[in-house]
Amino acid sequence: MKTLRMMALAGLFAAPLSMAEVVVIAHPDGPDNLSESDVRALYLNRSDAATPFEIAEGSTIRREFHDWITGRSNSQLKSFWAEQTFTGEGEPPTEVGDSARMVDEVAATPNSVGYADPADVDDSVDVILTP
């Protein structure tokens with residue numbers, strides 16, 4: 001029984017280590033020097049300074065990005081974008097399938113931003129924010 005408790009306790013401490021990291025990326029020609037607040041504004045339809053891309057629902061990277069930048073859960077984001085769309089205020093960012101595809105889209109779209117697993121980032125994009 002003591003062994004089971006020790007294993008459970010070890011699992012609790014190891015859980016944060018298994019979480020993927022996330023970085024904010026941008027097209028090499030810009031935007032540059034965006035703060036967390038600037039990125040939050042892009043992803044919450046409060047700025048049109050750049051074109052944001054979003055990873056599809058269910059991704060750990062997406063959840064970690066929104067925990068860090070917007071502070072909103074998936075259900076809160078769905079509600080927010082439903083209201084924005086219904087009132088004509090705006091449309092949600094274009095979705096891509098995964099982190100690797102995010103890098104491709106941001107690299108191919110001038111004045112765009114996104115987020116990705118650092119392992120997927122290459123020199124086709126610039127990392128502009130890290131946690």
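The structure is a predicted model, in which local features need pLDDT of at least 70, side-chain atom pairs count only at pLDDT 80 or more, and totals for chains, interfaces and linings use all residues. Residues are numbered from 1 along each chain as its sequence is written, and side-chain values use heavy atoms, with hydrogens and water left out.

The protein has five helices and five strands (DSSP runs of H or I with at least four residues, and of E with at least two, numbered from the N terminus). Their order from the N terminus is α-β-α-β-α-α-β-α-β-β. Of the 131 residues, 36% are buried (under 20% relative accessible area; exposed is over 50% and partly exposed lies in between, with a 1.4 Å probe and protein chains only). Among contacts (heavy atoms within 4.5 Å) between residues at least 6 apart in sequence, 72% join residues at least 24 apart.

Helix α2 spans residues 36–43, and its buried residues are Val-39, Ala-41, Leu-42 and Tyr-43. These buried residues pack against strands β1 (23–26), β2 (51–55), β4 (112–116) and β5 (126–129), and against helices α3 (60–68) and α4 (74–86). Just after α2, Asn-45 adopts a positive phi of about 60°.

Asp-98 lies in the loop between β3 (94–96) and α5 (99–108). Asp-98 counts as partly exposed because its relative accessibility is 40%. Together with Asp-104, Asp-120, Asp-122 and Asp-123, Asp-98 forms a negative surface patch. Patches are made of residues with over 30% relative accessible area and no salt bridge, with like charges joined within 9 Å and nonpolar side chains (Val, Leu, Ile, Met, Phe, Trp, Tyr) within 5 Å. A salt bridge is a side-chain nitrogen of Lys or Arg within 4 Å of a carboxyl oxygen of Asp or Glu.

Conventions
Accessible areas come from the Shrake-Rupley method with a 1.4 Å probe; for residues, only the protein chains shown count as cover. Lys and Arg count as positive and Asp and Glu as negative; His and the chain ends are not counted. The place of a charge is taken as NZ of Lys, CZ of Arg, CG of Asp or CD of Glu.
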